[in-house]
Amino acid sequence: MREPDRVGWGFISRYALASMGTSLVFLAPLLVTLALKVNSLVGIEEAPNSLALVAGTGSVVSMIANPFFGKLSDRTSSRLGMRRPWMVAGLGGGCVGILIVALAPSVAVVLVGWCLAQLALNALLAALVAVLPDQVPVTQRGSVAGFLGIGLPVASVTATYLVQLFTGNRLLMFLAPCAIGGFFVLLFAVTLTDRRLDPADKPPWSVRELLSTFYFNPRTSPDFAWAFTSRFLLVLAYAFLATYQAYYLLDQIGSPEADVPHQIFLGTLAQSVVLIAASLVGGYLSDRTGRRKVLVVTASILYGVAMLVIAVSDTFTGYLTGMAISGLGFGLYVAVDLALVADVLPDRATAAKDLGVFNIASALPFFVAPALAPGILALGNGSYAVLYTAAGLSATLGAAAILGVKRVR
């Protein structure tokens with residue numbers, strides 16, 4: 001495959017908005033509404049374990065769905081293109097799943113709805129991420145990934161703002177992010193000059209071909225393996241924060257439940273302001289200097305420091321300080337790491353599948369974190385300080401893992 005042509009600002013802005021829209025649909029439940037929904041059904045004593053079941057099972061679905069739909073996207077020879085059909089179908093199915101969660105009368109129905117949402121939204125995500133190696137040349141990937149990184153903090157702030165804006169109306173708390181995020185995804189899908197696959201170029205299906213959907217060979221792709229390990233460890237730290245911050249505020253900070261949505265909004269805002277600047281600067285420096293590893297290592301260490309600040313805090317101000325530092329680390333990370341991964345893909349012809357496999361490193365932590373958290377909390381006598389200290393250690397180990405990458409400076 002030839003190197004893609006340079007992309008213009010119109011494409012970059014629509015792509016960034018679509019990335020923001022996808023994150024908005026995903027993050028509103030993860031950051032606030034899913035935890036509050038579970039809490040409303042079972043109460044604060046049972047909520048952490050019930051949330052662990054829902055979030056953990058959804059993560060398993062995500063780990064299977066992302067590479068599987070990535071594989072299907074790589075093999076799609078539709079007249080509409082390879083990526084567009086999965087963006088549209090994934091968005092529709094994901095919104096239906098979130099609606100089921102919003103209306104669920106029990107944790108069991110929440111579980112069904114969240115699994116459907118994860119299944120469909122990972123089809124959207126697999127296709128959307130594959131556009132980067134499809135259409136963006138190596139010399140622009142850091143900068144474009146930096147703009148994509150803006151989508152995460154903007155979505156986080158928007159999601160938490162919408163949730164606290166519609167406090168008291170459970171349905172709108174869930175569906176307003178879907179409506180706004182879905183608009184930007186559809187805008188990008190409609191205007192995308194999508195890559196097309198000749199039906200004659202599709203490889204035949206086989207059991208071996210199907211199993212390869214979920215696998216890469218670390219011995220033939222060691223750089224990809226090290227990048228996978230680093231991403232897993234960093235996102236594990238993020239998963240501890242995102243999944244349990246509502247309970248951290250309730251338990252360690254002592255916040256009233258009615259104040260938690262607004263406090264998470266303020267924390268996310270503090271994080272996001274720094275994250276946006278770090279993402280843009282990091283992506284620019286990555287392309288300008290041709291160095292990605294040192295920036296990823298620095299980002300991971302900063303995120304580890306942020307987790308430790310949150311761990312030792314017993315005031316809302318301390319929480320805000322930790323969130324701001326986490327924005328610096330995570331912003332630098334999301335901009336540079338995505339460009340690094342695109343540079344070390346095993347095969348550009350199977351970009352969506354390989355990025356789907358790589359996304360397991362982002363999905364698996366949301367299964368592992370809820371599974372580990374109750375045990376860590378038990379060892380620490382219910383202390384969220386111990387939980388976030390473990391998160392800081394995980395992020396630091398992620399910095400060490402990226403040093404194994406050799407093909408990228």
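Guide: Let's go through some labels one at a time. This is a predicted model, where local features need pLDDT of at least 70, side-chain atom pairs count only at pLDDT 80 or more, and totals for chains, interfaces and linings use all residues. Residues are numbered from 1 along each chain as its sequence is written, and side-chain values use heavy atoms, with hydrogens and water left out.

Visitor: Why is Glu 257 called partly exposed?

Guide: Buried means under 20% relative accessible area, exposed means over 50%, and partly exposed is in between (1.4 Å probe, protein chains only). Glu 257 has 42%, so it counts as partly exposed.

Visitor: What makes Glu 257 and Asn 39 a polar contact?

Guide: Their side chains come to 3.0 Å. A polar contact is a pair of N or O atoms within 3.5 Å; within protein, one must be able to donate a hydrogen and the other to accept it, and residues adjacent in sequence count only if both atoms are side-chain atoms.

Visitor: What else is Glu 257 in contact with, leaving aside its neighbours within four places in sequence?

Guide: Besides Asn 39, there are Leu 36 and Leu 250; contact means heavy atoms within 4.5 Å.

Visitor: How do you know that Val 96 is partly exposed?

Guide: Its relative accessible area is 44%, so Val 96 falls in the in-between range.
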